[in-house]
Amino acid sequence: MKSRGWFRHSVLALGLAFLYLPIVSMIVFSFNNSRLVTVWDAANSPTLKWYRLLLTNEQILGAAWMSIKIAAMTATGAVILGTLAGLALVRFGAFRGRAFLSGMTTAPLVMPEVITGLSLLLLFVALEQLTGWPQGRGMLTITIAHVTFAMAYVTVVVQSRLTGFDESLEEAALDLGARPAKVFLRITLPLILPAIVSGWLLAFTLSWDDVVISQFVAGPGSSTLPMVVFSKVRLGVSPDINALATIMVVIVATGVLLSTWWMRRQERRRAREVQMARRDDQ
Amino acid sequence: MADKPPESTSQRAIEPGREYVRIENVSKRFGDFVAVDNVSLTILKGEIFCLLGGSGCGKTTLLRMLAGFETPTSGRIYIDGQDMSDTPPYARPVNMMFQSYALFPHMTVAKNVAFGLEQERLSRPEIERRVTEMLEIVRLGELAQRKPHQLSGGQRQRVALARALVKRPKLLLLDEPLGALDKKLREHTQFELINLQERLGVTFIVVTHDQEEAMTLASRIGVMDRGEIVQVGTPTDIYEYPTSKFVADFIGSVNMFEGQLVEDEPDHVRIRCPELANTVYVDHGISSAPGATVWVAIRPEKIELSRQRPPATENVQQGVVKEIAYMGDLSVYLVKLDNDRIVRVTLPNVERHADDRISWDETVWLSWHPTSPVVLAQ
């Protein structure tokens with residue numbers, strides 16, 4: 001028994017180390033005073049100097065703002081298109097071209113990003129030559145590109161939520177006199193909202209950390225944050241990147257922890273209420 | 001084919017009212033599958049009509065066509081004299097209570113009930129007044145602010161009912177209204193439903209697979225089998241005067257013997273059944289040719305058991321008690337005949353102590369009154 005417990009603990013420790021050691025070391029080095037990333041300057045550390053430096057770095061702040069804008073637009077666009085695609089796939093039965101649409105929406109999930117990026121670039125160039133739109137490449141083309149692949153993820157999330165959806169709820173609303181559009185807004189939409197929200201967050205994250213596709217369809221002056229990080233690292237890792245990454249990790253971790261805690265609480269409350277309700281029949 | 005008395009008195013009287021729903025030669029096909037096959041039905045104003053049948057018999061499809069969720073492949077549906085065959089569900093003067101109740105999980109009880117009224121664009125105070133009134137009727141007043149998951153099964157059922165009734169429909173469709181409730185609650189709710197229906201004067205069409213439910217609720221029952229209506233009548237009609245083997249067998253339990261018609265007079269018939277030692281004498285005439293193959297159906301509670309041979313020479317049969325199932329209010333005896341045929345007999349347990357009760361492996365005589373057997377030709 002005792003030896004098994006010991007084994008289990010060491011496996012757990014190894015697994016955690018494998019996953020989190022890189023991140024922990026990055027966070028630690030973000031407080032390092034030395035210019036050299038791998039050398040710990042014990043005399044003057046820890047310091048917040050790289051964080052201060054970051055806040056005055058126009059390039060990085062600009063790229064971060066650009067990334068946020070693109071990610072938000074991408075998420076919104078992907079959610080609208082993905083929800084529509086999900087609805088069509090689950091609800092419209094066996095319409096012509098259903099298998100085709102299903103295949104096409106999920107293709108970006110498995111398509112190598114290099115190919116997606118390249119094909120989109122070619123499309124944008126050809127379009128510009130033919131119609132004059134989109135003019136050059138920049139934020140707009142990056143957003144469109146991100147929407148095309150993020151939409152696939154949203155479709156999958158919404159689709160799975162709709163598959164478990166009790167359609168008699170919609171029928172009940174129709175029966176009570178609501179027209180189909182109203183039924184969608186008052187019944188269907190609120191009930192698939194959790195899927196739409198998680199789809200939105202997923203699309204936001206996908207867009208936020210995409211480098212490859214952005215690289216293809218970005219133009220001058222439209223570098224996203226990951227692109228800036230990537231190009232800076234190529235010239236050698238500078239400690240302010242550590243600081244930037246640490247900030248991002250903290251933001252993401254806080255978000256995840258908060259939402260997990262909130263969901264747990266909801267679940268527990270719900271379970272308690274259901275228990276109490278059962279008693280009323282007896 | 002059996003003559004039946006003109007009036008069955010144990011039923012609640014149906015107001016000889018005018019017809020409210022007319023289903024005319026309605027069929028529904030899904031691909032090759034015929035779900036509803038040329039059904040014609042008339043449902044009267046203010047009655048509780050039960051569509052009864054096993055799963056896949058088409059009863060739910062028929063109900064969904066009345067609600068407007070399915071359109072008939074052929075035939076017409078008239079509600080209150082108006083052709084509703086192509087009217088979408090939201091424009092019909094009909095409301096439905098779903099088997100799953102289909103309560104909107106993101107709305108409170110009050111919001112659920114108010115939903116239908118909001119679609120009618122009534123004023124806020126008017127909606128509030130009617131919701132409160134309806135919740136009082138189903139005794140849910142103090143639960144108005146709860147969400148569906150905070151309700152028990154019985155409470156949910158009442159919310160679903162309130163939500164459908166608050167629109168004051170002239171016709172309410174109920175899909176297995178008591179299916180999700182446990183037995184005790186179900187009985188109680190049945191009587192509540194009837195009460196409510198009488199109070200509000202709404203016409204009910206109920207779909208159910210549970211014959212007991214149909215019997216207690218319905219003023220008339222339509223038995224369905226493989227997409228067709230096989231018999232329509234009051235619960236007594238359906239139980240005592242089934243017109244086919246299917247109905248006799250489907251409703252309650254029955255002992256069925258195949259036989260030949262040997263004597264057919266206006267006032268009686270004699271039937272010879274190979275499985276029974278003596279002829280079966282039935283005290284009313286039927287219109288069938290002598291020699292025709294018929295089936296004799298006898299309900300288990302209409303057979304008497306005795307140790308002594310009854311004086312009659314007909315409608316008696318000897319056998320051995322093989323099994324006794326004590327059910328509290330009554331006992332079921334399975335009696336085996338010489339030819340291994342098992343006959344089911346039920347006897348009420350009138351006395352608490354009956355020491356000379358017929359017991360296992362006793363040789364007994366079965367007998368029945370000439371009015372009891374039902375003769376069926378199909």
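Trainee: What does Thr61(B) touch, not counting residues up to four places away in sequence?
Mentor: Thr61(B) touches Lys28(B), Phe30(B), Ala35(B) and Val36(B) once residues up to four places away in sequence are set aside. Contact here means heavy atoms within 4.5 Å. Before we go on: this is a predicted model, where local features need pLDDT of at least 70, side-chain atom pairs count only at pLDDT 80 or more, and totals for chains, interfaces and linings use all residues. Residues are numbered from 1 along each chain as its sequence is written, chains are lettered from A and ligands numbered from 1 in the order written, and side-chain values use heavy atoms, leaving out hydrogens and water.

Trainee: Why is Thr61(B) called buried?
Mentor: Its relative accessible area is 15%, and buried means under 20% (exposed is over 50%, partly exposed in between, with a 1.4 Å probe and protein chains only). So Thr61(B) counts as buried. Thr61(B) sits in helix H1 (residues 59-67) of chain B; helices are DSSP runs of H or I with at least four residues, strands are runs of E with at least two, and both are numbered from the N terminus.

Trainee: What is found at the start of H3(A), and what follows the helix?
Mentor: At the start, a side-chain oxygen of Asn57(A) comes within 3.0 Å of the backbone nitrogen of Gln59(A). After H3(A) comes Gly93(A), with a positive phi near 65 degrees.

Trainee: Which elements make up chain A?
Mentor: Chain A has eleven helices and zero strands.

Trainee: How does chain A compare with a compact globule?
Mentor: The rule is 2.2 Å times the number of residues to the power 0.38, and the radius of gyration is taken over C-alpha atoms. A compact globule of 282 residues would have a value near 19 Å, but chain A has 24 Å. The C-alpha trace of chain A spans about 75 × 70 × 35 Å along its principal axes. Buried residues make up 37% of the chain's 282 residues.

Trainee: What are the domains of chain B?
Mentor: Domain 1 is 19-247 and domain 2 is 253-376, with bounds from an automatic or database domain assignment. Their C-alpha centres lie 39 Å apart, and seven residues of domain 1 are in contact with seven residues of domain 2.

Terms used:
A polar contact is a pair of N or O atoms within 3.5 Å; within protein, one must be able to donate a hydrogen and the other to accept it, and residues adjacent in sequence count only if both atoms are side-chain atoms.
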